[in-house]
Amino acid sequence: MTPDAVIRLMCPNLKCKSVLSVPKEARGRLIRCRNCGSTIQVPQKPAQASTQKPNAA
Ligand SMILES: [Zn+2]
């Protein structure tokens, strides 16, 4: 089981906000919302910004 096989995006359309599941292969590509038809660009990296920096400061 690979939970990272799909990327979950929320439609930027404020009147839609549908959660879209796209394959990670679609990174950097444009997809279309199935609900409202808006074009959404899939980010290269997951939305989870886990900044694991060493204690530099
Ligand atoms: Zn939408």
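## Starting at L30

Let us begin with L30, whose place is in strand β3. Strands here are DSSP runs of E with at least two residues, while helices are runs of H or I with at least four residues, and both are numbered from the N terminus.

Which residues does L30 touch, not counting residues up to four places away in sequence? They are T39, I40 and Q41. A contact means that the C-beta atoms of two residues, placed from the backbone, lie within 7 Å. Between L30 and Q41 the C-alpha to C-alpha distance is 4.4 Å, although 11 residues separate them in sequence.

## The model and the whole chain

Please keep in mind that this is a predicted model: local features need pLDDT of at least 70, side-chain atom pairs count only at pLDDT 80 or more, and totals for chains, interfaces and linings use all residues. Residues are numbered from 1 along each chain as its sequence is written.

Stepping back, the chain has four strands and zero helices, so its elements run β-β-β-β from the N terminus on. Of the 57 residues in the chain, 4% are buried. Among contacts in the chain with a separation of 6 or more, 20% are accounted for by residues 24 or more positions apart.

A26 has its place in the loop between β2 and β3. With 16 C-beta neighbours inside 10 Å, A26 is partly exposed. Leaving out residues up to four places away in sequence, A26 touches I31 and V42. Q41 comes up again here: its C-alpha atom is 9.0 Å from that of A26, and the two residues are 15 apart in sequence.

K17 is found in the loop between β1 (6-10) and β2 (19-23). The backbone of K17 has a positive phi of about 55°, although K17 is not a glycine. Is K17 buried or exposed? K17 is exposed, because 12 other C-beta atoms lie within 10 Å.

C33 sits in the loop between β3 (30-32) and β4 (39-41). C33 is partly exposed, with 18 other C-beta atoms within 10 Å. Setting aside neighbours within four places in sequence, C33 is in contact with C11, N13, C16, S18, L20, S38 and I40. The C-alpha atoms of C33 and K17 are separated by 9.6 Å, and these residues are 16 apart along the chain.

Note on methods:
Buried ≥ 20, exposed ≤ 12 C-beta atoms within 10 Å, placed from the backbone.
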